[in-house]
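Thanks for coming. I have one structure to go through today, and I will keep to two topics. Please have a look at the screen first.

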4 protein chains.
Amino acid sequence: MSIPDPVFRPAFNITRASHVVHRVRDLAKSRAFYVDTLGFVVSHDDHDTLYLRGLEEGCHHSIVLKAGAEPACERVGLRVLTEDDLDRAEAHFRTSGLPTRWVQAPFQGRTLHTSDPAGTPLEICAAMQTKPRRIMHFETFHGACPQRIDHVQVLTRAVRPACEFYMAMGFRLSEYIVPDNSDELHAVFLQRKGNPHDIVFVNNAGPRLHHAAFTIPEVHHLMYICDLLGRNGFGAGVEWGPGRHFGPGYARFVYLRDPDGHRVELFTNHYQTIDAEDEPIRWEMSDLNTSRWGTFPPDSWRQEGSAFAGVAAGRANTSASAREAAIVR
Amino acid sequence: MSIPDPVFRPAFNITRASHVVHRVRDLAKSRAFYVDTLGFVVSHDDHDTLYLRGLEEGCHHSIVLKAGAEPACERVGLRVLTEDDLDRAEAHFRTSGLPTRWVQAPFQGRTLHTSDPAGTPLEICAAMQTKPRRIMHFETFHGACPQRIDHVQVLTRAVRPACEFYMAMGFRLSEYIVPDNSDELHAVFLQRKGNPHDIVFVNNAGPRLHHAAFTIPEVHHLMYICDLLGRNGFGAGVEWGPGRHFGPGYARFVYLRDPDGHRVELFTNHYQTIDAEDEPIRWEMSDLNTSRWGTFPPDSWRQEGSAFAGVAAGRANTSASAREAAIVR
Amino acid sequence: MSIPDPVFRPAFNITRASHVVHRVRDLAKSRAFYVDTLGFVVSHDDHDTLYLRGLEEGCHHSIVLKAGAEPACERVGLRVLTEDDLDRAEAHFRTSGLPTRWVQAPFQGRTLHTSDPAGTPLEICAAMQTKPRRIMHFETFHGACPQRIDHVQVLTRAVRPACEFYMAMGFRLSEYIVPDNSDELHAVFLQRKGNPHDIVFVNNAGPRLHHAAFTIPEVHHLMYICDLLGRNGFGAGVEWGPGRHFGPGYARFVYLRDPDGHRVELFTNHYQTIDAEDEPIRWEMSDLNTSRWGTFPPDSWRQEGSAFAGVAAGRANTSASAREAAIVR
Amino acid sequence: MSIPDPVFRPAFNITRASHVVHRVRDLAKSRAFYVDTLGFVVSHDDHDTLYLRGLEEGCHHSIVLKAGAEPACERVGLRVLTEDDLDRAEAHFRTSGLPTRWVQAPFQGRTLHTSDPAGTPLEICAAMQTKPRRIMHFETFHGACPQRIDHVQVLTRAVRPACEFYMAMGFRLSEYIVPDNSDELHAVFLQRKGNPHDIVFVNNAGPRLHHAAFTIPEVHHLMYICDLLGRNGFGAGVEWGPGRHFGPGYARFVYLRDPDGHRVELFTNHYQTIDAEDEPIRWEMSDLNTSRWGTFPPDSWRQEGSAFAGVAAGRANTSASAREAAIVR
């Protein structure tokens, strides 16, 4: 596969994945899951919408939960550095033939709604209200002590177009998966912030959101949060793990399903990848899982994801995509 | 169920479960598993037999591995406090109609071979050579940093006779499992040393050894040892976990199979149970797993165990015992 | 030093150190420290007295805090196994010329007040009301997640008489400290429950209580509780540590002073010592601290302790006892 | 203090602090400290020079140890993204009146030697040979499991000029310390890679290197590495901690002195700071240590640092700089 030069300067600076906006059916239940159990901080609660952030986040929200009739992911949020970057981003998406629209989003600066070639509905802004980081507010720590959003993973049949589009915006490909002896992209891990991924695209019926991932401090938090989830009635929501990825990212993870089925990954570790000589790591199917232990992901993890609100998603072809998904981890 | 008075003074003092003696087919492989990976200390290696102890153990061995043609568990070791206790124990087993025989066992004092009503081949002694505890020898710590043997679990159809026999020797019943609204004993957890168990009997075809359990220091060791097992070629030996027991003992565990299939439990936590008012905890089937998360034990964990050398074991009736085993955890 | 035979059977069975009774000036402050910060569970609060237990304790209390004008330790609690043991204990103390008195103590069975040759005011009982163990009640875990009382340490000039008295009651000497080339006992570590100590006597002006020690689960709890103490206004109460003892017990510890100056040790690890061949470990001054790192204990730790209510204590001879105390760790 | 706009685009892209070059008197001792104890990986050893990297680093070295007669820090290494950035950097330093020189440095691409206004001898390159990341090579993990270099701290009287110079090169000021009601810069924490600091300047006699800091995975590694250092004869090298910073960075740290007195910080946590709205955090003296616990830093930590080879350093004015240094933490 031809990899663009990792060091070119894009016309605008997307800095990181920043938030997800989910529709949920019962805000009280979501609050019990995300706030009372996982330990997210409530930045704002206006009865229809709950704005949450991790303990170390100084920005207003990394999760927005809106009451709705049907669960769906409304938007994946990205940040650019400046208002000028935002204008350039708008121009870039527009001239790429993608829909763009300026909207008002609470607690955010000027906000661009657009979507990428995979169909992911995006929300991009350069500014957000700030809130106190809770780094030292130990008396408020509980649950998994979630620190911050790290990345999102999107299911799509358009892995290569998505990859090329994001790389053209300055994302670097940190790792990717291909079938043995093939250059067909099965999964791509793209980053801006200097660790393995801000956004991941995996070949499956889509576009759908597979998960949003948040860092937690240490491996004992991975085990403890499962215990607490069980105790608080969310034990069935522990979908996979605690375990270790034996492929891209190498993370120690646990995957959870929230009360509406939205998937959350909590993980503890990521390496730094900043230097130009860091080449994308190529994984062929048979490289994966070399030193694996533990259970394989359940079918739900392989096949299910959150629909994007208002976006038609292809249907998961169970037999085909299971085979593909099985490659991933 | 009628529970004997927990505070009577038995005629002799069995103090704890102390060791297991296993036959293994390839000592080099066993050493790679137990020593190079799990982190047990070699107390003696005479080419045919490997004597291992945990990092905190001052006694010579808690695992004895003997080269043999077929894998089997030869003996479960128990300790009594004094030579006088040992003589009284011999008399008790003999007058109970059980076979007794004095043997020479390397690195041990006078040693009694006998068996219990479940058919478990026992090896009892009052003394063992001592070795330096490695508590502060940090430069030798690695792998799971196993500290010491804690208990063994035996499969048998004779759960009630085994329970009564051990209680008559001063073992206290810490926890037990029965079917709903029944007093039929499905599993009994018996202890002498002040935490939940030294020996456990579970209803299944037997007698067979289900596992020997060793304490490790902290939950991060549970996760790390899996990573290391995977890396050292033993990933498939991670049979179940890391997880949490939602019934007797509450342990955070991982179950491993050694290269010969002998099962090892590593776990991190146990409560103290010393006071006379600590009543045995009764678990009915429907009480178990109330706040569970994570995978259920695989069939292998439910059905398989080490044969005892020279002891005919009943066959596991898969459908029946799977149902029963499913109760246990 | 002549060590009594470790395996004789005492006339009665003291099982363990069980609780401390402290006078405190402000129960609300004590509650903020022990309950809201350290994480002890309130078993009963009758406005004048607060009864606390650790997360894993099934007995009613391991700390009793009584409102009083002056801080003092009222009693050190020990448990015997049965009421019969209690009667035999009373006879033993009485015939040893020590004061004995039967009292009513809330939530306890028949309770004996007496004292040992060091002058430690003791409270001994065979029964206590039970409370649910919180082992799996994860939603109530916080702070240091204290599990259970482990031991107490008493300052006295009568180390040898105390040692002999407790050994005559079946306590085993696990470790002891002497000056180089001397058999003068500087400190003795005595145990009944199978780990290094239930009660410790150290040579200093006394009798005074140096500390009560509680186990906590893992080393991250040691670091976290300091952070939380600082945040909750108790940072100055972190007297020494987190650190490692380079002598008896080897514990990873932190020593705290409660709002009245009563000292609490939180620690994570202890080895098992049950077998008859476990000989007392002799530490000469120059053996201690061989592989030490970190700060030496502050003068407060070396010299200060809680007065026992109504018991005249010798004065700490600062220069002499500092020299002696310096030996200890 | 006037803070430059955080979002301007510098003329060249310095990406991160990348390595330190130290002169040491005895490479075997240094190896015992850094490799056998701390757990760094040897990338190359040519008898005169030892090249080390952390477990997660894909670049060839983050520590270079050269045999020399006197201990000194030769260079602090910075990385730029591209060769073009390197040329622009050279021009910038040169036109700023600073010495620049192209050198050959083993395992690095074209390398620029220069210095900053504080007098720090710098070594800047755009490329380094790569080595396998050890992320999953668990069998080689030991000691503190150091992951990667994070930042360096330099002592200088020229804090403000240094701050302005680095900000003019695109560094962002994440935190800074001033006396109460003053804008005099006592310490500045400057970053390029999105967490609190790549380079820190603190007011003291200089230029001298205060420390190089490396991330380690979890808090238990902080405690364990001290135990291992003690055991391996380096216990006196544990200078301060394990503890928590109650000011800039909030890190959980331990400070070590290597066999030549070079200071190493190991720490576990850092927050992400990427967004333009993240304003520099201002600490006045009286803000610091609000919720502190634990020992204050020893005088050595406050006053001592590594001389830079061939660079005259001011003398530490003990009384004045102790007062100043006391502010820092």
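Between chain B and chain D there are 7 residue pairs in polar contact, with both residues of a pair at pLDDT 80 or more. That confidence value is there because this is a predicted model, and side-chain atom pairs count only from that level. On the side of chain B that touches chain D, the residues are 5 nonpolar, 3 polar and 4 charged.

Charged residues bring us to salt bridges. The rule finds 2 of them across the interface of chain B and chain D. One salt bridge joins the side chains of B:Arg231 and D:Glu139, at 2.8 Å from N to O.

How many residues are in contact here? 12 residues of chain B are in contact with 12 residues of chain D. Chain B and chain D bury about 1000 Å² between them, and 59% of that is on carbon and sulfur atoms.

Now the second topic, a sheet in chain D. This is an open sheet of 8 strands with mixed pairing, in the order E2-E3-E4-E1-E5-E8-E7-E6. Which strands are at the edges? They are E2, residues 41-45, and E6, residues 100-103, and each pairs on one side only. On average, neighbouring strands are turned by 25° against each other, ignoring direction.

Take the E2 end of chain D. E2 and E3, residues 49-53, run antiparallel and are joined by 4 bridges. For D:Val41, the bridge partner in E3 is D:Arg53. In general, strands of a sheet pair through backbone hydrogen bonds, either parallel or antiparallel.

Definitions and conventions: Residues numbered from 1 in each chain as written. Chains lettered and ligands numbered in written order. Predicted model: local features only at pLDDT ≥ 70, side-chain atom pairs only at ≥ 80, totals over all residues. Heavy atoms only, no water. Pairing = 2+ DSSP bridges. Helix = DSSP H or I, 4+ residues; strand = E, 2+ residues; numbered from the N terminus. Axes fitted to C-alpha atoms, helices over the stretch in contact; angles between N-to-C directions. Contact = heavy atoms within 4.5 Å. Buried area = accessible area lost by both parts, 1.4 Å probe. Salt bridge = Lys/Arg side-chain N within 4 Å of Asp/Glu carboxyl O. Polar contact = N/O pair within 3.5 Å; in protein donor to acceptor, adjacent residues only side chain to side chain. Nonpolar A, V, L, I, M, F, W, Y, C, P; charged D, E, K, R; others polar.
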